[in-house]
Amino acid sequence: MFQSPTVRTSFIFLAIALVGLLFADIAITASNPWRDLGNFFFGVVTPNFFSNEGLMTALLRTVSFAFVGVALGSISGFLLALVYRWLPVRILCAFVRAIHELFWALIFLQFFGFHPLTGVLAIAIPYAGIFAKVYSEILEEADPEPGRLLPPRTGVISAFLYTKIPDCWVQLRTYTAYRLECGLRSSAILGFVGLPTLGFYLESAFSQGHYSDAGAMLILFYVLIATMPLWVKPKLLPAYILGAPFFLGEGLPIVWSNVGRFFTQDIVPSPLRGEEGWAGMGAWLGDMFINQAMPGIWNTVILTQVALVATGIIALLAFPLISTHFGGPVRRTSGHVFLVIMRSTPEYILAYILLQLWGPSMLPAVVALALHNGGIIGHLIGRQSSTIRLRPDAPNGLNRYTYELVPRVYRSFLAFLFYRWEIIMRETAILGILGIYTLGFYVDSAIQNIQFDRAMVLILITASLNIGVDVLGRFIRRKLALQTMPTC
Amino acid sequence: MALNLIRKLMVSSLFCFGAATASAETFVFTAIPDEDETKLVERFRGVADYLSNELNVDVRYIPVKSYAAAVSAFRNNQVQLAWFGGLSGVQARRLVPGSEAIAQGVEDQAFETYFIANTNTGIEPADELSSLEEGLQGKTFTFGSKGSTSGRLMPEFYIRETFGEQPDEFFSRVGFSGNHTRTLRLVEAGTYEVGALNFQVWEKELADGNIDTDAVQVIWRTPAYPDYQWTIRGDVNERFGEGFKQRVTEALLNLDDQALLESFPRSGFIPASNDDYEPISKTAEEIGILD
């Protein structure tokens, strides 16, 4: 068994996670976690849709920010995809997508303040980086044959529009629509840092223990995402995109001098601003590295590795829920509902909920990351498993699962898992804002102390770590010859 | 078709930038989110209405999600007035030259932090923090917000001074609950064994009957220090007319709506000055929150 490279890799990662568990801070510190969890579920089944006057506005804003952000991101991403061959463009894109939407929002908040532009750019910029990469991959795989059949002296643009685009159109559209769903999730969590989307109200309802209000918001959000195929129609899209900018709310006016100040003063390392100059930089960086970056990186890596393996386990357990090889239609439908809830709840919100209920430790973060990502991968490989045709005399039950299906989906399962490795790490870092001691905790502390120079260095470190894991993940996928399609 | 769509997108994004530039001259203020949001919104909408009547300008309150967001909004001139804590006020006034502390609550001259403990810990109240060393060591502990004076700065100062260790060395687990109400709830529920909070929040919740005194009790009170204050930007007169700062100050000092004051809770507002907060500034420098 251990001769198989995929199995060997799996066990190496399992071992790393088990060692990580020894160092990880896993605990339930709440004295009555089950009562709180019970209260929460009671709130979800007794939702109160009329508690908050702002709820409908918040939903509208959530959708608007998603539309405008994803639209801008997809246009810029498309343009970048055309020049993606150039190394500087690739590096730029890798860099902007390595920084999480919430970090972008925290940066823009410092100089645009509570202006809609903050939320729009926080989505558009990282999404542009992702769109550029995926679009360029799609365009690259286009069939070159139609291009060869064009008459000589056909212009580059015409050739592109008449040969490449028609071939890739469906894939481009599918991916963009899929990204819109991710955009809705991103938009919702921007509320947690003060933008007027759903997260804003969800955070206050939760922190005050108004679980019925929070339940209503979560239900509305699930309905919004589950009904997307009904209201996101190609014909209606132009109307949505044209209309959305008018529903972002007016926020507060931008004071442009703040932008200049941010870039010329705030983010300049404090020794360079003072008298110390470059001589003081060593001590400044050293101090930050030892007291903030190192513990942050350590915790981020440990949490990521544990969460990665937990995600894998959840995904393998969850995929039979929707696989046609198990259970009847009733069980599959409930399985679908369950997986939709798991993957449409942003991990940030899940982690927030669990932290409130169980108290602070890495456990809520691991569970949140595993449920969300496991839900996504479980859904994908569950769907894939349904396309497998078994022999009529194939075994049933546990044997069917272990001997027939798991081996057949295992490679694509690993592919998805390694694809999401970098995404899990990006989320892990951001969960620090909630009080788990990952890099996000130190970024948030620096921002709370109005030390944006420190915050920027820590964000750069976070981005480099993500890029590193992304490269490693791609290396492993190539080594194992795993192929996958992008997920968010 | 695709080009057409792209063109429409460009136009709509232009609208998005354009829509924001039009905005009337509104006097905007904010406050640090130190308590449950519903309470804050209720309280400061009342203040906005009151100020609007007194000053004859549109007054708007915007809620924010963190202490730093309040300071940034003030610094960026998106708000011109703010109800800050001691520390956030010092941070804000350092960043905005010319800004001034204009009024503080009567209680803010001598503010206190209460250390509270879940009764399951068996820690008994004491007059000296040092005598609690044995009971507190190795317990789990929560501050309020990272930027709070009564919920973070002062308790951290006294922990360091008394026990000679950083909080995360002295306690087994240190957290930041986010605000004072949450600190109270978390210690009451036992999620954290010990916590530190704003004494006014404790007293008000106690008077309103919202505390299970069998589950949580005050174990130590800090010496007094100056805390909350209204801080205004130095350039408001240029924007809202000569003497505007004076009018805002007087409006705040004359506020005698009992229900509104009760919601703070303060018995009234009295004049304040930047120098009143020098002790806070020194303490913050000492523990490295301010450079």
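**Helices and a sheet in chain B**

Q: At what angle do helix α3 and helix α4 of chain B pack?
A: This is a predicted model, where local features need pLDDT of at least 70, side-chain atom pairs count only at pLDDT 80 or more, and totals for chains, interfaces and linings use all residues. Residues are numbered from 1 along each chain as its sequence is written, with chains lettered from A and ligands numbered from 1 in the order in which they are written. Helices (H or I, at least four residues) and strands (E, at least two) are DSSP runs, numbered from the N terminus. Take α3 (residues 67–75) and α4 (residues 86–95) of chain B: their axes sit 9 Å apart, and the angle is about 30 degrees.

Q: Are α3(B) and α4(B) roughly parallel or roughly antiparallel?
A: Axes are lines fitted to C-alpha atoms, for helices over the stretch in contact, and angles run from 0 to 180 degrees between N-to-C directions. Under 35 degrees counts as roughly parallel, over 145 as roughly antiparallel, 65 to 115 as roughly perpendicular and the rest as oblique. So this pair is roughly parallel.

Q: In β8(B), which residue is the bridge partner of B:T113?
A: β5 (residues 113–118) and β8 (residues 194–198) of chain B pair in the antiparallel sense over five bridges. B:T113 has as its partner in β8(B) the residue B:N198.

Notes:
Two strands pair if DSSP finds at least two bridges between them.
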